[in-house]
Amino acid sequence: MLYPIILGIHGYGMCIALLLFVASELLLVVARRGRAAPARAALHLSRYAGIVVPVGVLAGIALFFAGGWPLTAWLLASLTLVALLIVVERRLVGPWQARARPVLEGAASSDEVRVLVRDTRALLGRVAMMGLFGLVVLLMIVKPHLGF
């Protein structure tokens, strides 16, 4: 009875987080013209995703123990991708989010919003994060037999 509840929290939490990240990117496309409101909304959605992800990850860890899962190759690959995702977030996206504080506070000019949103290093980091996140979801769903 407990396992399906934890599975739901994990699965829905991760899917919601991925959708929030994608919606945030779409809003940032609109904000490229220097519009602060979509940029603020995107940053808020990113923060919400940042709250949902740890809940989903903790539920995933609980699933591992509650379900008696063996430490398989696909699970190790997923954990490696999660570690890479953390590195990308800390190196590329985290510093960008710190610079976004004036946008969140409503104190940024249109030019500042434009410069922030068009930061290619941060864009690369955000796209890489979504790609890595998607690969983890794919591994979790397919659970392929990996030969290593």
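Visitor: Which residues touch the most other members of the largest nonpolar core?

Guide: This is a predicted model, in which local features need pLDDT of at least 70 and side-chain atom pairs count only at pLDDT 80 or more, while totals for chains, interfaces and linings use all residues. Residues are numbered from 1 along each chain as its sequence is written, and side-chain values use heavy atoms, with hydrogens and water left out. A nonpolar core is a set of buried Ala, Val, Leu, Ile, Met, Phe, Trp, Tyr and Cys residues joined through side-chain atoms within 4.5 Å, where buried means under 20% relative accessible area, exposed over 50% and partly exposed in between (1.4 Å probe, protein chains only). The largest core has 21 residues, and those touching the most other members are Phe21, Val53 and Phe133.

Visitor: Which element gives the largest share of this core?

Guide: Two or more residues come from each of H1, H2, helix H3 (73-99) and helix H6 (120-142), helices being DSSP runs of H or I with at least four residues, numbered from the N terminus. The largest share, eight residues, is that of H3.

Visitor: Which residues does Val53 touch, not counting residues up to four places away in sequence?

Guide: Contact here means heavy atoms within 4.5 Å. With residues up to four places away in sequence left out, the partners of Val53 are Met14, Ala17, Phe21 and Phe133.

Visitor: Is Ser46 buried or exposed?

Guide: Ser46 has its place in helix H2 (residues 36-66), and its contacts, leaving out residues up to four places away in sequence, are Phe21, Ser24 and Gln97. Because its relative accessibility is 12%, Ser46 counts as buried.

Visitor: Why does Phe64 count as partly exposed?

Guide: Phe64 also lies in helix H2, and, not counting residues up to four places away in sequence, Phe64 touches Trp69, Pro70, Leu71 and Leu75. Phe64 is classed as partly exposed because its relative accessible area is 24%.

Visitor: Which element has the highest mean pLDDT?

Guide: The predictor's confidence in each residue is given by pLDDT, from 0 to 100, and the chain has a mean of 91, with 99% of its residues reaching 70 or more. Among the elements, the lowest mean, 87, belongs to helix H4 (residues 101-104), and the highest, 94, to H1.
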